[in-house]
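The sequence and the structure are shown first.

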Amino acid sequence: MIVLVTGGSGCGKSTWAERLIAALPEERRVYVATMRVCDGESVQRVARHRAQRAHLGFATIECEQNLAAAEIPQGSVVLLEDLVNLAANEMFSGGDVSRIVPALNHLARRCSHLVMVTNDVFSDGVCYDESTRAYLRALAEINRSAAALADCVVEVVYSIPVALKGALPCV
């Protein structure tokens, strides 16, 4: 099963995705962490997420860039957190954003289950500079490709999962 989880900031996406992984048959669970830790806020966010999933038996792989190079064992249950950070890291830190979609396809073939998390960052109505607009265009393409790859796309709204594609997995 491949699931894409989306929603606004702080809506409960990560919690729901972790509960979904926990509800799947006990297998090797891998948490692919894409967040670049660069300030106090990101340190706190990472600590909160680690504490939240501590009891779920994840092996954590830090992967800020080049997802295809991550050593993820065949047949793993994978939570990829998140596409927004991965795209930003590739685009603004000397990487290559165009390698993300092929890496997602490769990862999907290796996993027994893949849950990808992304954010809805497209509806704030703010006018951005060209580099930010380019990032948003790239992220939109990544999200479209991830949604096409997924069996189920779920939007989490106020901690409530809403199926946008496919059947809502039981959590």
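Predicted model: local features only at pLDDT ≥ 70, side-chain atom pairs only at ≥ 80, totals over all residues.

Helix α1 passes helix α2 in a right-handed crossing. The axes of α1 (residues 13-23) and α2 (residues 40-53) come within 11 Å and cross at roughly 30 degrees. Because angles under 35 degrees count as roughly parallel, α1 is described as roughly parallel to α2. On the α1 side the contact involves S14, T15 and E18, which meet H49, Q52 and R53 of α2. Sorted by class, this contact of α1 with α2 contains 4 polar and 2 charged residues and no nonpolar ones.

A second pair is formed by helix α4 (residues 100-110) and helix α5 (residues 130-149), whose axes come within 10 Å and cross at roughly 20 degrees. That angle makes α4 roughly parallel to α5. The crossing of α4 and α5 is right-handed. Here I100, V101, L104, N105 and A108 of α4 meet I142, S145, A146 and L149 of α5. By class, the contact of α4 with α5 has 7 nonpolar and 2 polar residues, with no charged residue.

The geometry of both pairs is set out below.

| Helix pair | Axes come within | Crossing angle |
|---|---|---|
| α1 and α2 | 11 Å | roughly 30 degrees |
| α4 and α5 | 10 Å | roughly 20 degrees |

Attention now turns to the strands. Residue L80 is found in strand β4 (residues 77-81). Is L80 buried or exposed? With a relative accessible area of 0%, L80 is buried, since buried means under 20%. Leaving aside residues up to four places away in sequence, L80 touches V32, T34, L67, L104, L107, L114, V115, M116 and V117. One of these partners, L104, also belongs to the α4 residues that meet α5. The C-alpha atoms of L80 and R109 are separated by 14 Å, and the two residues lie 29 residues apart along the chain.

Residue H113 is found in strand β5 (residues 113-117). H113 has a relative accessible area of 16% and is therefore buried. Which backbone atom does the side chain of H113 reach? The side chain of H113 reaches the backbone nitrogen of M1, at 3.2 Å. M1 is also among the residues that H113 touches, the others being L24, P25, E27, S76, V77 and V78, when residues up to four places away in sequence are not counted.

Technical notes: Residues numbered from 1 in each chain as written. Heavy atoms only, no water. Axes fitted to C-alpha atoms, helices over the stretch in contact; angles between N-to-C directions. Helix = DSSP H or I, 4+ residues; strand = E, 2+ residues; numbered from the N terminus. Parallel < 35°, antiparallel > 145°, perpendicular 65-115°, else oblique. Left-handed = near helix turned anticlockwise from the far one by under 90°. Contact = heavy atoms within 4.5 Å. Nonpolar A, V, L, I, M, F, W, Y, C, P; charged D, E, K, R; others polar. Buried < 20%, exposed > 50% of the residue type's maximum accessible area, 1.4 Å probe, protein only. Polar contact = N/O pair within 3.5 Å; in protein donor to acceptor, adjacent residues only side chain to side chain.
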